[in-house]
Amino acid sequence: MAGDKKTLHPAFTINNIKTLIPILLDIKQDEYSSWVFLFELHLQAHRLLFLIDGSTPPPDVDAPTVLQPDALCRQWMFSTMTKDLMLTVLKSGKTAQEIWDHLKKLFQDNKGNRAATLERQFVNLKFVDCTSIDDYCDKIKSLSDRLRDLDFPMNDKRLVIQLVNGLPEEYNKVASFIQQAMPTFDAARSQLRTEEIRRSQQTCTSSPTALAATASTTDRGTQRSQRSGSAKRSGSRSSSSTADPPLLPTPPHPYQLYRAPNPAYSNHWTPQWATPPCPYPTAPPETAWQQPFSHSSYRGRGRSGQSRGRPSNIGRGQAYVTPSTEYLHPSDIAEAYSSMSLHSPDDAFYMDTGATSHLTADSGTLNTVFNTSNVRSILVGNGNSIPVIASGTKFIDIPSRTLKLKDTLVAPDIIKNLVSVRKFTTDNHVSVEFDPSGFSVKDLRSRKILLRCNSSGELYPITPSVVPPSTSILPHPISLLTCSYDVWHSRLGHPGKAILDNLRANSSILCNKNQSTKLCHSCQVSKHIRLPFSDSNSVTFVPFDIIHSDLWTSPLHVETGFNYYLILLDDFTNYLWIFPFKLKSQVYTKFLEFRSFVETQFEREIKSFVFT
C-alpha cells in the first residue's frame, strides 16, 4: 500500500459485512463472545488484526494509509451492532481500538457480581424448567460460555456433572451410566437425546385400547332364566318374577345390559345396535368389558363353512357402552342413548391412503385365513394400538383378472374394513384414480379400466361394478388424443422430424395433420452460435484499467420495451454491469454516468474502453 497509493486493499472490496458476520451485537443479548470470534477471524483474514489489538502493522502499511483501514473497521463495527449500542459507543473513541476496548468494558464490567449471578443460574438449572433435552443442554452450554467470557471457565467434567444433577428421576438409569463413564459433554448429550427418543416412542406405543362392548346371550331359555333369577334376587324391590327390569344401570353393575322395556314385547323389539360412534377404541384393556375371543362362539357362514369373525348373537340386540368406575349421572344417560345408532354391520372395504396394511374386523370376509400374524398390534389415528389376531387374503373377482388384498390383518376392534391404497397398487400393479363420484382401478401398463366403484357417501367403498363397454373395448387408452405435428413438437421438447416420425410409426403419438412448412422460432434461436472471442494479451494490475463493453439487442420482443442491453466488464475484477435501454441513443449518456460513478465511488479513472 505504501508503494502505490492507488492500489486498493482487498478489504475495500467487501460489499456487505453482515454476510460474513451474521451476528447483530446487542447489549441485551449474550452473543458478545461469538461476535468477537467472528470479527477477529474476519480481521485476521485481511491482515487487519493490528487495528484492535495494538500489534505492529505489516511492513506494507504506513502511518498515513492506516487511517483508511481503521475507518473501514469502525464502519464494520457500527454495521454489526444495534442502533442503541451504536449510539452508545459512536463517539467513545477516534480509532477502532478505542471502540473495541469500550465494547469490552460494556460487556465484561463488574465481572465478580455477574459471574456470581451466572453461577447461581448454572447450579439451579433443572430439566423441568426446559422443554427438551436439547433445550436443557443448550442453556447449560450458554451459561458456561458466558462464564468463560468473564474469565471463569468450566471444564467438560463440570458440565457433565451439572447435566446429570438436573435430570429428573425418570432418567436415573442413564444418569448413573453417565456418572460412571464420565464421557464428554457432547457424548452425554447424545446419550440423553437417545433416551428421550426411546421414552417418547414407548409413550406412543404403550397406550392400549379396547372396545367396550356388551354381548347378549344366545339362548332364549338362558335369557329367560336370567331374568327370573334377577327378579328373585331383587327381594322386596320386586313383587313378581315378571317385573320389568330397571331402565338405567344401577351400582355396583354399571355395565349391565337390558333388553326390551317389557318381556311381553321381546319378540318384536330387537334393535340392531351397531358400533359406537368413535371409530377407534379408547378404553384401556384392563377396564374394557368385551367378550373373550373364542372360535366356539363364532358361527360359520360363507365359503367352506369358514367362521365369521363376529359372535353368533350378531343378529340380536347388542349395545356398546363406555366403561367407567363411577356411577352414571342423568346427563350421561341421555348422552349415551343419543350416541347409539341402528345400522347393520358393514362388511364393505374402504380405500384408505393413510393405511399401511389392509385391515378387517371379520375373518369371514377373507378367502384364506391364517391363525397367526407377524404383526401383533397396529397403531390407529389417535395414537393407541389395537391387537391383531390373524391374517389372510381376500380376492376381488373382476371379468379381466382377480385383484388380491394380500396380508390382510384381522383386528376385531377395528370399526371399518380398510384397504391400503399403497399396498393395493403395489401388489396388483394397478393405479387408483379418485373423483367426486367414486374411483377407478386401472391397469398400470395399458391404463385400461379394470374396476369402477361409484359412491355417494363420504368414503370410497369397493362395490361390485361393471366396466362400461365404451371404455373396456378401447384398443389404446390415448386413441382420442390427436394433435398436429407442431403441437407434439412443442410438447416433447422440440425434437426433429425423424424422431416424430418414429413416434408416430410406433403409435406412441397420434397426429391428425402433417408437419407444417413454417420454421420454429425457438429452434432457430437456440441453434444460433456466437463466434468465440480472440485471445486477449492485455494485462491489468488494478481495477478499471480496461473496461470491455458490448451492446446486445434482444432477439425477442419485450413487452416492457427494453430491447437493448449495455454490458460493461472490468478486466481486472471480472465484475459485470448490465444496463437495459429502450433506445440506442441512451448508451452515450449512460456511459458518462458510469464514468462519473467510478470516479466518485472508487476514486479511479477508466484508462481504456474497449467496445466488442
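The expected span of a helix is 1.5 Å times one less than its number of residues. This is a predicted model, in which local features need pLDDT of at least 70 and side-chain atom pairs count only at pLDDT 80 or more, while totals for chains, interfaces and linings use all residues. Residues are numbered from 1 along each chain as its sequence is written, and side-chain values use heavy atoms, with hydrogens and water left out.

**Whole protein**
- The protein has 18 helices and 17 strands, taken as DSSP runs (H or I of at least four residues for helices, E of at least two for strands) numbered from the N terminus.
- Of its 612 residues, 33% are buried, that is, under 20% relative accessible area with a 1.4 Å probe and protein chains only; exposed means over 50%.

**Helix H1**
- Helix H1 (residues 32-45) has 14 residues, which should span 20 Å at 1.5 Å a residue; the end C-alpha atoms are 20 Å apart, in agreement.
- Tyr32, Trp35, Val36, Phe39, His42 and Leu43 of H1 are buried.
- They cover an arc of only 135° around the axis, so they lie on the same side of H1; the arc is that of the directions from the helix axis to the C-beta atoms.
- Phe37, Gln44 and Ala45 are exposed on the other side of H1.
- Arg47, which follows H1, has a positive phi, near 55°.

**Strands S3 and S10**
- S3 (residues 349-352) and S10 run parallel and are joined by 4 bridges; strands pair if DSSP finds at least two bridges between them.
- Asp352 stands opposite Ser420 in S10.
- In S10 (residues 417-420), Asn417 and Val419 point one way and Leu418 and Ser420 the other way, and all are buried.
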